[in-house]
Amino acid sequence: FAERRAGDAYRPEVWKASRSEALAQLERDLASSASPHSPDGGGDEKVLVLVDDSMHLRSMRRQVFHLARKHGAGLVVVHLDPPLALCL
């Protein structure tokens, strides 16, 4: 992912490139885990993928939803609303 150090100014193009790279990595991970059977040959393997992102726009969540659907993975969206003091 594009490196960002403490004190660097926010740059939209860096953020966008990092997000695109993260989605591409997610797709690679989903594709590589799409084997129909577990490695020991014992039955269906379940895969859990956690994506940690604010995804404040519906279109952002939709991209992840479509990737999960394409690769037959489940998807759960968890919304958190912590107090501001806890976030700081």
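**Charge pairs.** I looked up Glu 27 and found it in a salt bridge with Lys 70, with the closest N and O atoms 2.6 Å apart. For the term I used a side-chain nitrogen of Lys or Arg within 4 Å of a carboxyl oxygen of Asp or Glu. The pair links distant parts of the chain, since Glu 27 sits in helix α1 and Lys 70 in helix α2, 43 residues apart. Helices here are DSSP runs (H or I, at least four residues), numbered from the N terminus.

Before going on, I noted where the numbers come from. This is a predicted model, in which local features need pLDDT of at least 70 and side-chain atom pairs count only at pLDDT 80 or more, while totals for chains, interfaces and linings use all residues. Residues are numbered from 1 along each chain as its sequence is written, and side-chain values use heavy atoms, leaving out hydrogens and water.

Next I checked the accessibility of both partners. Glu 27 is partly exposed because its relative accessible area is 25%, whereas Lys 70 counts as exposed because it reaches 59%. My cut-offs were under 20% for buried, over 50% for exposed and partly exposed in between (1.4 Å probe, protein chains only).

How many salt bridges does the structure hold? I got two. Arg 11 also forms one, with Glu 13, where the closest N and O atoms are 3.2 Å apart. Arg 11 has a relative accessible area of 46%, so it is partly exposed.

**Core.** The largest nonpolar core has seven residues: Leu 23, Leu 26, Leu 30, Met 55, Met 60, Val 64 and Leu 67. Both α1 and α2 give two or more residues to this core. The term covers buried Ala, Val, Leu, Ile, Met, Phe, Trp, Tyr and Cys residues joined through side-chain atoms within 4.5 Å.

I then followed the contacts (heavy atoms within 4.5 Å). Leaving aside residues up to four places away in sequence, Met 55 touches Arg 19, Met 60, Arg 61 and Val 64. Arg 19 belongs to helix α1 and is buried, because its relative accessible area is 12%.

**Loop.** Last, I looked up Val 51, which lies in the loop between α1 (12-32) and α2 (58-70). Val 51 counts as partly exposed because its relative accessibility is 39%.
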